Amino acid sequence: MSDALIREARAALKRAERVAVLTGAGVSAESGIPTFRGAEGFWRSYRPEDLATPQAYARDPILVWEWYAMRFEIVTNAQPNRAHGLLAELEQEKHLTLVTQNVDGLHKRAGSKSVLELHGNITQSRCESCGYLDGLEPGFEIPPHCSRCGERARPNVVWFGESLPQATFQNAINAFADADLALIIGTSGVVEPAASLARLAKEQGAYIIEINPERTPLSSAADTSLPMSALEGMTVLMAGDERV
Ligand code: OAD
């Protein structure tokens, strides 16, 4: 990674007025939350793609809830890391929209306000009958039931094959279409339509910075790819004399 490229990315961020951010599981890796497609993402030998579906839930709701309960516990015991914190600080300085595929709620806990959760939030259940959202507490019963109507509730997340919450996704599209600069952090870029946001920003002429220790299908669209962890990448972008 040349210093010139880092300087260019910093300068682009400094110049940008409207910033759109897309984060994935990698931004929470340093909080101890396993990514989906890394080896640690597997649980009792199930692949996430085989559990996060309406079909899996219809077949075995208890199994799916046990997986979510395990992840709920990790998330509630985790703390936002410095990458979450730096993104919250950047929001103080820019017109910034943070779009996340993560269901862990760590961006909000780190202080980000303008957060669009594309895939829902693991700390809530959603009634299968009336749609009411309940906050889950540690040790919640499996499966949980709606506090309003008593019917069974499902995790308040988006599963493969389901549509994203429409208004949330439209707001994400608007933010990426309007951005001068897009930051793509810690996502494998293989899950649509989230990944298409980066390409949309590119088509509209935004400067694209990717932070990911691995190359992804989005890397070729990036003006600068920082082959670093989220924490290192955000530190490099926001530190030093050229601090935004
Ligand atoms: P993935 O697990 O697919 O990808 C995580 C990405 O983070 C990979 O590209 C890693 O190289 C990168 N990574 C790992 N450690 C990192 C670190 N410390 N800093 C920065 N990057 C790091 O996770 P997502 O792309 O978020 O959807 O997955 C997208 C969606 O697929 C998820 O929201 C979920 C999943 O199945 C649903 O559940 C609907």
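**View 1. Three bridges join strand β8 (residues 207-211) to β9, and the two run parallel.** Strands here are DSSP runs of E with at least two residues, and helices are runs of H or I with at least four, numbered from the N terminus. Two strands pair if DSSP finds at least two bridges between them. Look for Ile211, which sits opposite Leu226 in β9. A quick note on the model: it's predicted, so local features need pLDDT of at least 70 and side-chain atom pairs need 80 or more, while totals for chains, interfaces and linings use all residues. Residues are numbered from 1 along each chain as its sequence is written, and side-chain values use heavy atoms, leaving out hydrogens and water.

**View 2. Zoom out, and six strands make an open, parallel sheet: β3-β2-β1-β7-β8-β9.** At the edges stand β3 (115-117) and β9 (224-226), each with a single partner strand, so one side of each has no neighbour in the sheet.

**View 3. Helix α8 (residues 196-203) lies across β1, β2, β7 and β8.** It runs at about 150° to β8; axes are lines fitted to C-alpha atoms, for helices over the stretch in contact, with angles from 0 to 180 degrees between N-to-C directions. Helix α9 (residues 230-238) packs on the sheet too, touching β7, β8 and β9 (contact means heavy atoms within 4.5 Å).

View 4. Ala25, Ile33 and Val103 supply 52% of the area domain 1 buries against domain 2.

Key:
Buried area is the accessible area (1.4 Å probe) that two parts lose on being put together, summed over both.
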